[in-house]
Amino acid sequence: MHIQDGRIAKIYMGPEIPAMVDTFDATGLFLMPGLIDMHVHLVWDGSPDPLGTMKAEGPNIAMARGIANARKSLAQGVTTIRDVGSVNDVGIDIAKIFASGLLFGPTVVAAGRIIQPTGGHVPDLGYIADSHDELVKAVRYLKMRGASVIKVASTGGAYGPEEIGPSVYPQKDLEIVVNEARRLGLRVASHSLGKIGIENAVRAGINTIEHGADISMEILREMKQKETCLIPTLAVYKKLSESSGVIPELYVAKSKTVVRWHKETFRNAMDIGSPIALGTDAGSPNFGPHPSVFLEMVTMVEYGMKPSDVLKAATKTAAEALGREHEIGTIETGKKADILLLKENPLEDIAKMQNICQVIKSGIML
Ligand SMILES: [Zn+2]
């Protein structure tokens with residue numbers, strides 16, 4: 001393979017490899033595209049109370065923490081990160097810092113704050129919008145701020161006092177967000193756990209359903225037809241459901257419900273063939289340090305996915321869900337040279353993903 005200006009310039013098959021300068025001999029190693037984590041919170045530290053840490057630190061240190069977390073993730077093979085919720089929109093600044101070359105890091109696709117109604121999920125990361133005018137203004141503000149994706153919450157969450165069942169926005173409100181974002185060239189991700197909130201989001205034309213715990217067969221078929229991608233984030237809820245005595249018991253109980261829903265929905269989504277991409281919710285309460293991709297991969301296999309499909313969810317399908325399949329997600333001429341080299345074959349055992357021996361980001365060897 002010939003890498004030039006950060007891209008894959010040419011792939012040589014067979015013995016006719018020409019003499020090149022600055023060569024790296026990868027004989028006997030396994031090569032794959034860099035990983036894409038579709039759902040992280042860079043400013044959070046994964047401790048039992050990341051919100052408390054964030055509030056105590058303030059937004060400047062939160063940004064420094066986010067940069068450190070992004071670079072830690074890159075070192076372990078995550079070459080593209082989608083940040084779907086940060087305090088003061090600092091995720092957007094982190095994306096700009098890496099994109100401008102001010103600091104070296106992964107590609108970050110950032111949403112900034114999460115559009116949500118009064119009484120919604122994690123208001124500390126929220127842009128509160130209740131009326132139709134406020135929803136339009138929220139999307140326009142985030143676009144102006146530099147967001148590359150819009151995140152909205154259509155239901156409550158497990159980590160918080162609110163209910164996870166009901167939809168917090170009617171379908172019409174979500175359509176307003178989708179239409180305004182689309183007009184401005186942005187895709188929309190929706191935090192959606194309960195059945196009705198997911199149904200409203202899918203019908204409104206949302207691009208990615210985050211968490212997607214309780215999805216009916218009818219809506220899964222509609223997701224396949226519309227190419228709405230499911231980002232299940234399985235491991236974080238499993239971890240929360242096992243965190244009795246560490247986080248509030250109400251949150252543990254809600255997470256147990258989510259895990260029960262997840263197991264069935266994930267299996268149905270695989271059977272129907274709805275697109276599934278890997279997202280972790282890295283940084284979330286009691287989830288441990290960034291990155292969390294390995295844990296999510298193991299959980300996806302545990303819930304019935306083949307290792308080859310897990311790797312596809314973490315590369316090709318994720319790139320498609322971002323709308324960046326022309327840039328990343330596969331090893332092809334012209335694409336960004338975001339590449340991993342492994343000592344052993346992860347298709348045989350997903351545990352081999354822990355043994356990445358070389359990360360290459362935009363042609364630069366770490
Ligand atoms: Zn999240």
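I looked up where helix H6 meets helix H7: Ile 198, Glu 199 and Val 202 in H6 are in contact with Ile 219, Glu 222 and Met 223 in H7. Contact means that the C-beta atoms, placed from the backbone, lie within 7 Å. The residues of this contact are four nonpolar, no polar and two charged. I counted Ala, Val, Leu, Ile, Met, Phe, Trp, Tyr, Cys and Pro as nonpolar, Asp, Glu, Lys and Arg as charged, and the others, Gly among them, as polar.

The model is predicted: local features need pLDDT of at least 70, side-chain atom pairs count only at pLDDT 80 or more, and totals for chains, interfaces and linings use all residues. Residues are numbered from 1 along each chain as its sequence is written.

Next I took the axes. Those of H6 (residues 195-204) and H7 (residues 217-226) come within 10 Å and cross at roughly 25°. Axes are lines fitted to C-alpha atoms, for helices over the stretch in contact, with angles from 0 to 180 degrees between N-to-C directions. H6 and H7 are therefore roughly parallel to each other (angles under 35 degrees count as such).

Then I turned to the sheet. Three strands form an open, parallel sheet in the order E4-E5-E6. Helices (H or I, at least four residues) and strands (E, at least two) are DSSP runs, numbered from the N terminus. Strands pair if DSSP finds at least two bridges between them. The edge strands, E4 (35-40) and E6 (107-110), each pair on one side only. I noted four bridges from E5 (residues 78-83) to E6; Ile 81 has Val 108 in E6 as its bridge partner.

How values were computed. Angles under 35 degrees count as roughly parallel, over 145 as roughly antiparallel, 65 to 115 as roughly perpendicular and the rest as oblique. Two residues are in contact if their C-beta atoms, placed from the backbone, lie within 7 Å.
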